[in-house]
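Open the model in your viewer and keep the selection tool ready. We will go stop by stop.

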Amino acid sequence: GVWKVGACFIPLSTDFPLERNQQILSQANSGFVITTNDLQKSIQGLTEEKNILYINAAADRTYGTKNIDIVLSGDTLSYIIFTSGSTGTPKGAMVEHQGMLNHLYAKINDFHLDDNSNVAQTATQVFDVSIWQYMVALLVGGTTTVYVSDDAWDPKRLLENVEKHGITVLESVPAHFSILLDYLESTIEKPTLSSLEMLMMNGEGLPPAYCQRWFDMYPEIAMSNVYGPTECSDDITHYIFNEVSENWEGYVPIGKPIQNMQMYIVDEDMQLVAKGIIGELCTSGDGVGQGYLGREDLTTEKFIDNPFNPGTKLYKTGDLVKWLEDGNIEFVGRKDSQVKISGNRIELGEIEVVLQEAPQVVQG
């Protein structure tokens, strides 16, 4: 509905403190908050009541059948995802329709999704991964099966549902993957997972040992390791594999660029590095978004003119990587102090700013 009228959406969570959601709404200058009646108490104080649209009430109304005559272009904003910010304030990454659609169709093409596909929607709505999990199967006539947080994180319940509902594509993060592995290895009667065709990993470095444990139990179910920043419409590389290589020294490779994306690995002077040399990953192409909402300073710093393809933008990810001999990319680490917890980006600077506000904390 939001897209049909040419607007963009910003996901909020009632799990967030009220103050954080207020920060996001204030930065975004949002016109409306769309929610359901059962969350009425949870959002009290978030915004004026007149700006809240309750889906339940809207469903009872009668509407015209004429299609809305609004044409969207590729550079129209699709959504804004707010991530952790080093200054103590969350920053909003602005994603365009062309970037979102390029990512969706890259998933369809690389993972051969069709009307028989059944994708498990397990990510929370404030996490960019949720976008493709919701939408991709619908583009090819497939099925999206939505799991609430308890069903998504409890290993026994999740795997039982994967089998029960005939899930073909399941995505997780390495931290949760280890919990799934522990559960499977401790269970005498393992689920067959006969419908599952692809187990995807994202959000963190993937240890090869985890994958070997998986293949020891399910050698016929392929895995994929994917990588991508929110600022570039989510995943920008895919790596599909059916066995663990003895050549992997660190993490499982993150793969090669998806369609319509270009990768550059550079040194501190923005010079391209040779294979095997660690550098910062920079990317350009359809997925690169518009920058950060209301943060021209940060946008200018991270979204620069592309010296390798004039006239295009280059996003500096801050991730350290290297080219492998086979043309795939291996993730090494971060240039800064950003960390990830269960795939969620956390800027340590944001935590530091909040701690400094406490009267009990004094800098030495």
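A nonpolar core is a set of buried Ala, Val, Leu, Ile, Met, Phe, Trp, Tyr and Cys residues joined through side-chain atoms within 4.5 Å. Buried means under 20% relative accessible area, exposed over 50%, and partly exposed in between (1.4 Å probe, protein chains only).

This is a predicted model: local features need pLDDT of at least 70, side-chain atom pairs count only at pLDDT 80 or more, and totals for chains, interfaces and linings use all residues. Residues are numbered from 1 along each chain as its sequence is written, and side-chain values use heavy atoms, with hydrogens and water left out.

**Stop 1: the largest core.** Select Leu170, Phe177, Leu193, Leu206, Trp214, Met223 and Phe241. They have the most contacts inside the largest nonpolar core, which has 29 residues. Now colour α6 (155-165), α7 (174-186), β8 (198-201), α8 (208-217) and β10 (237-241); each gives two or more residues to this core. Helices (H or I, at least four residues) and strands (E, at least two) are DSSP runs, numbered from the N terminus. Which element gives the largest share? It is α7, with five residues.

**Stop 2: the second core.** Select Ile81, Val95, Trp132 and Ala222. They are among the 21 residues of a second, separate core.

**Stop 3: helix α4.** Select residues 129-139. The buried ones include Trp132, Val136 and Ala137. The buried residues of α4 pack against elements including β3 (77-83) and α3 (97-110); contact means heavy atoms within 4.5 Å. After α4 comes glycine 141, with a positive phi near 80°.

**Stop 4: valine 5.** Look in the segment before α1 (18-28). Is valine 5 buried or partly exposed? Valine 5 is partly exposed, because its relative accessible area is 46%. Leaving aside neighbours within four places in sequence, valine 5 is in contact with Ile68 and Ile70.
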